[in-house]
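Colleague: Hi! I'm new to this one, could you walk me through it?
Modeller: Happy to. Let me put it up on the screen.

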Amino acid sequence: MPPAPPSPRVLAARRAVGERIRAARLHANLTQEILGERAGLDRQAINRIEQGHASPLLDTLVRIADALDVPLRDLV
């Protein structure tokens, strides 16, 4: 049996985190590709996270925050 789809609250939180990452990336004047390289991810992964289509693990969020040189709390 496939897993249940995420609740509306989870989807909203996922989108909010993605929007914060995108805003921080643009503020840092980085492309998705450069952010991905700095965080050890590919551009597609950054895109999926920013669009709210993927929910990053905590480890991934920490790597993204470090790559953006922002505190983790600014992204969540």
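Colleague: How do helix α1 and helix α4 cross, and at roughly what angle?
Modeller: This is a predicted model, and in it the axes of α1 (residues 8–27) and α4 (residues 58–68) come within 10 Å and cross at roughly 20°. Angles under 35 degrees count as roughly parallel, so α1 and α4 are roughly parallel to each other.

Colleague: Is that crossing left-handed or right-handed?
Modeller: The crossing of α1 and α4 is left-handed.

Colleague: Which residues make the contact?
Modeller: From α1 you have V17, I21, A24 and R25, and from α4 there are L61, I64 and L68. By class, the contact of α1 with α4 has six nonpolar residues, one charged and no polar ones.

Colleague: What about α1 and α3, how do their axes cross?
Modeller: Those axes come within 6 Å and cross at roughly 125°. That makes α1 oblique to α3.

Colleague: And which residues meet there?
Modeller: R14, R15, G18, E19, I21, R22 and R25 in α1 meet I49, E50 and Q51 in α3. The residues of this contact of α1 with α3 divide into six charged, two polar and two nonpolar.

Colleague: I21 keeps coming up. What is I21 in contact with, leaving aside neighbours within four places in sequence?
Modeller: I21 is in contact with L35, I49, E50, L61, I64, L68 and L75.

Colleague: Let's talk about the largest nonpolar core. Which of its members touch the most other members?
Modeller: The core has 16 residues, and I21, L35, L41, I64, L68 and L75 are the ones that touch the most other members.

Colleague: Which elements give two or more residues to this core?
Modeller: Those are α1, α2 (32–39), α3 (43–51) and α4. The most comes from α4, which gives five residues.

Colleague: Why would nonpolar side chains be found together like that?
Modeller: In soluble globular proteins, nonpolar side chains tend to be buried together.

Colleague: New topic: where is A28 found?
Modeller: A28 sits in the loop between α1 and α2.

Colleague: Last one: how far apart are A28 and V70 in sequence and in space?
Modeller: They are 42 residues apart in sequence, and their C-alpha atoms are 9.9 Å apart in space.

Colleague: Thanks, that helps!

Technical notes: Residues numbered from 1 in each chain as written. Predicted model: local features only at pLDDT ≥ 70, side-chain atom pairs only at ≥ 80, totals over all residues. Heavy atoms only, no water. Axes fitted to C-alpha atoms, helices over the stretch in contact; angles between N-to-C directions. Helix = DSSP H or I, 4+ residues; strand = E, 2+ residues; numbered from the N terminus. Parallel < 35°, antiparallel > 145°, perpendicular 65-115°, else oblique. Left-handed = near helix turned anticlockwise from the far one by under 90°. Contact = heavy atoms within 4.5 Å. Nonpolar A, V, L, I, M, F, W, Y, C, P; charged D, E, K, R; others polar. Core = buried A, V, L, I, M, F, W, Y, C linked by side-chain atoms within 4.5 Å. Buried < 20%, exposed > 50% of the residue type's maximum accessible area, 1.4 Å probe, protein only.
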